[in-house]
Amino acid sequence: MFLVCGEALFDIFVDGSVEASSTELPLDAVAGGSPFNVAIGLARLAQPTALLTGVSQDFLGQRLMAVLKSEGVNTDYIASKNLPTTLGFIQKDEHGVPDYAFYGNGAADRSVSLEDLPQSAEFSGIHVGSYSIATPPTSDSLLSLIEKHSGKCLISLDPNVRLGVEPNKDIWRERVALIAKHADLLKISDEDFEHLYPEVSFEDKAKEWLALGISLVVLTKGGDGAQLWSQSSTASVETPKITVADTVGAGDTFQTALIDQLLTMREASTEWSSKLSEEKLKSIGEFAAAAAAITCSRQGADLPNRDEILASMKGEA
């Protein structure tokens, strides 16, 4: 079982074409949150997956639970909370790039305690990311979980920085540094990297992260593709040419595909990290880029299944 940890919320899409002076603003609510999306994406790739988060007992929380169960995500590690559900408002620009505003102080997903953590379970891997790594008590609980399972399973990190939730960049840098010491996979977007490390080249930071023992470091660059580094090799991949509906969930999809590929390698060999050659990095990157492109071709964070990804890579979709 792979354990994804972090927020589950409702994304509220705002119609940005409506005049700002209008007294009416149409809204469209969709279940989401970066870790929520990753958990569903892995389940769609037929990876046994569970989500660890706090979910409200309110009617929105009940809907989140229903979505997870319908997608085949294990909910045994979800903590039921008598607290509200986080709402993330999203307005997209003319290129489909989202701008976020979060309302969730004291919400269920930010209230995961040490008592909510699994005590004796074993996992094939653990993924953490987004504002759950920067908002206590959830952030402290997840760090404790990572430390406990470090070296025993695949540890994945995507900072997925949300400065609207935690504006202090020092907190983000501190948390990334603490988790990176235990990570096997670290993926970060060029936008997030610029937020956190504006005076550092990515090549230098990648070397620093690799020196910690991370097996795979990935920089995603939107329409400009992605760069992948292993302990021995590096490779770059291009972004497939598509008609973009929006970019919501693109990073989550890329992360999901990376996790899937590494889990497959890990199941085949205990020496999986030494097999990340340039050729293998390119294969992994192309799979992840194809997956993300499919999500970008559809409205919202609608992550693809394996058949869709493979068909796309063959030019059948």
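The model is predicted, so local features need pLDDT of at least 70 and side-chain atom pairs count only at pLDDT 80 or more, while totals for chains, interfaces and linings use all residues. Residues are numbered from 1 along each chain as its sequence is written, and side-chain values use heavy atoms, with hydrogens and water left out.

Ser 233 itself sits in the loop between β12 (226-230) and β13 (234-237); helices (H or I, at least four residues) and strands (E, at least two) are DSSP runs numbered from the N terminus. With a relative accessible area of 19%, Ser 233 is buried, where buried means under 20% relative accessible area, exposed over 50%, and partly exposed in between (1.4 Å probe, protein chains only). Once neighbours within four places in sequence are left aside, the contacts of Ser 233 (heavy atoms within 4.5 Å) are Leu 228, Leu 276, Ser 277, Glu 278 and Leu 281.

Not counting residues up to four places away in sequence, Thr 220 touches Lys 187, Ile 188, Ser 189, Asp 190, Gly 225, Ala 226 and Phe 254.

Turning to charged side chains, the structure holds 10 salt bridges, each a side-chain nitrogen of Lys or Arg within 4 Å of a carboxyl oxygen of Asp or Glu. One of them joins Glu 71 and Arg 44 at 2.7 Å, N to O. This pair links distant parts of the chain, 27 residues apart: Glu 71 is in the loop between α2 (59-70) and β5 (78-81), and Arg 44 is in helix α1 (residues 34-44). Glu 71 counts as partly exposed at 23% relative accessibility, and Arg 44 also counts as partly exposed, at 26%.

Arg 44 meets Asp 302 as well, in a salt bridge of 2.8 Å, N to O. Asp 302 lies in the loop between α8 (278-296) and α9 (306-313) and Arg 44 in helix α1, so the pair ties together parts that are 258 residues apart in sequence. At 31% relative accessibility, Asp 302 is partly exposed.

Elsewhere, Lys 81 and Asp 116 form a salt bridge of 2.7 Å, N to O. Here too distant parts of the chain are linked, with Lys 81 in strand β5 and Asp 116 in the loop between β7 (98-103) and β8 (125-129), 35 residues apart. Lys 81 is buried at 14% relative accessibility, whereas Asp 116 is partly exposed at 22%.

Helix α1, which carries Arg 44, is largely enclosed by the rest of the structure, because 10 of its 11 residues are buried. Among these buried residues are Phe 36, Val 38, Ile 40 and Leu 42. Their cover includes β1 (2-5), β3 (27-32), β4 (49-56), α2, β8 and α7 (250-268). Just after α1, Ala 46 takes a positive phi of about 65°.

Strand β4 is mostly covered, with 8 of its 8 residues buried. In a regular strand the side chains alternate between the two faces of the sheet. In β4, Thr 49, Leu 51, Thr 53 and Val 55 point one way and Ala 50, Leu 52, Gly 54 and Ser 56 the other way, all of them buried. Strands β1 and β4 run parallel and are joined by 4 bridges, pairing being assigned if DSSP finds at least two bridges between two strands. Phe 2 stands opposite Thr 49 of β4. β4 also pairs with β5 in the parallel sense over 4 bridges, and Thr 53 stands opposite Ile 78 in β5. From β4 the chain crosses through α2 to β5 in a right-handed β-α-β crossover; right-handed means that, with the strands pointing away from the viewer, the path from the first strand over the helix to the second runs clockwise.
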